[in-house]
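The entries below follow the order in which I looked.

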Amino acid sequence: MVLDAVAIEAARHGVEQGAVTPSYGPWAAEIVQLLNDSLATELVCVLRYKRHHFTAQGLASPKIAEEFLVHANEEAGHADRLAQRIVQLGGAPDYSPVTLSTRSHAAYDQSEDLKDMIRANLVAERVAIECYSQMIALIGDKDSTTRRLLESILGDEQAHAEELKDWLAA
């Protein structure tokens, strides 16, 4: 095994690219696009969870509404981490409200029934799990930092899905 001396020398130049070194090859722009779509998904999830937090009603609703807010805040944290990584890769995080819902993998939901809210959030978490799993496979060894970020977020989404599944069964 031998390191690529040409790539190491190239890393000494192009400092305006920050963390994006020659080893990223042509992948940085495609990864930024994937991350921006995930950013849209996380932002739509924040909005859905917030709405459900404020509109949940029923006997079990105070505790579940509180957890909806916890999930909303965790999804907002995911969005922040994704936006930070997009910038590190030389991209611009896309917060455009005009295209947010069309870029999101998850749907917004206006359910009024508590069980329907839980189900809608579970569906969205399952969609996020599938998308993050596919992104991790696509990125592979092309960008280990982004892969680890996505793996961390995936773990949170899986925990959310299990919690929602348990509420649905109750």
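**Entry 1: overall layout**

Reading from the N terminus on, I find that the elements of the protein run α-α-α-α-α-α. I note that this is a predicted model, in which local features need pLDDT of at least 70 and side-chain atom pairs count only at pLDDT 80 or more, while totals for chains, interfaces and linings use all residues. Residues are numbered from 1 along each chain as its sequence is written, and side-chain values use heavy atoms, with hydrogens and water left out.

I count six helices and zero strands in the protein, where helices (H or I, at least four residues) and strands (E, at least two) are DSSP runs numbered from the N terminus. Taken along the principal axes, the box filled by the C-alpha atoms is roughly 65 × 35 × 20 Å. Of the 170 residues, 41% count as buried, buried meaning under 20% relative accessible area, exposed over 50% and partly exposed in between (1.4 Å probe, protein chains only). I also looked up the sequence range of the contacts (heavy atoms within 4.5 Å): among those between residues at least 6 apart in sequence, 78% join residues at least 24 apart.

**Entry 2**

I next turned to helix pairs, and two packed helices are described by the angle between their axes and the distance between the axes. For these entries, axes are lines fitted to C-alpha atoms, for helices over the stretch in contact, and angles run from 0 to 180 degrees between N-to-C directions.

Helix α2 (residues 27-55) packs with α3 at an angle of about 160°, and their axes are 8 Å apart. The two are therefore roughly antiparallel to each other, given that angles under 35 degrees count as roughly parallel, over 145 as roughly antiparallel, 65 to 115 as roughly perpendicular and the rest as oblique. The crossing of α2 and α3 is left-handed, a term used if the near helix is turned anticlockwise from the far one by less than a right angle, with right-handed used if clockwise. By class, I find 15 nonpolar, six polar and five charged residues in the contact of α2 with α3; here Ala, Val, Leu, Ile, Met, Phe, Trp, Tyr, Cys and Pro count as nonpolar, Asp, Glu, Lys and Arg as charged, and the others, Gly among them, as polar.

**Entry 3: α2 against α5**

For α2 and α5 I read a packing angle of about 165°, with the axes 11 Å apart, and the two helices are therefore roughly antiparallel to each other. α2 passes α5 in a left-handed crossing. On the α2 side the contact includes Ile-31, Leu-34, Leu-35, Cys-45 and Tyr-49, and on the α5 side Met-117, Ala-120, Tyr-132 and Ile-139 are among the residues involved. By class, the contact of α2 with α5 has 11 nonpolar, four polar and three charged residues.

**Entry 4: α3 against α6**

The axes of helix α3 (residues 61-88) and helix α6 (residues 144-169) come within 11 Å and cross at roughly 170°. That makes α3 roughly antiparallel to α6, and their crossing is left-handed. Among the residues that meet here are Ile-64, Phe-68, His-71 and Arg-85 in α3, and Leu-149, Ile-153, His-160 and Trp-167 in α6. By class, I note eight nonpolar, six polar and eight charged residues in the contact of α3 with α6.

**Entry 5: cysteines**

How many disulfides does the structure hold? I find zero disulfides, a disulfide being a pair of cysteine sulfur atoms within 2.5 Å. Cys-45 is in no disulfide, and the nearest cysteine sulfur, that of Cys-131, is 9.9 Å away. Cys-45 counts as buried at 2% relative accessibility, and Cys-131 counts as buried at 18%.

**Entry 6: two single residues**

Ile-136 lies in helix α5 (residues 114-139) and, at 14% relative accessibility, counts as buried. Not counting residues up to four places away in sequence, Ile-136 touches Arg-147, Leu-150, Glu-151 and Leu-154.

Pro-22 has its place in the loop between α1 (5-11) and α2, and is partly exposed, with a relative accessible area of 38%. Leaving aside neighbours within four places in sequence, Pro-22 is in contact with Ala-7, Ala-10 and Ala-11. Pro-22 and Glu-9 are 13 residues apart in sequence and, C-alpha to C-alpha, 9.5 Å apart in space.
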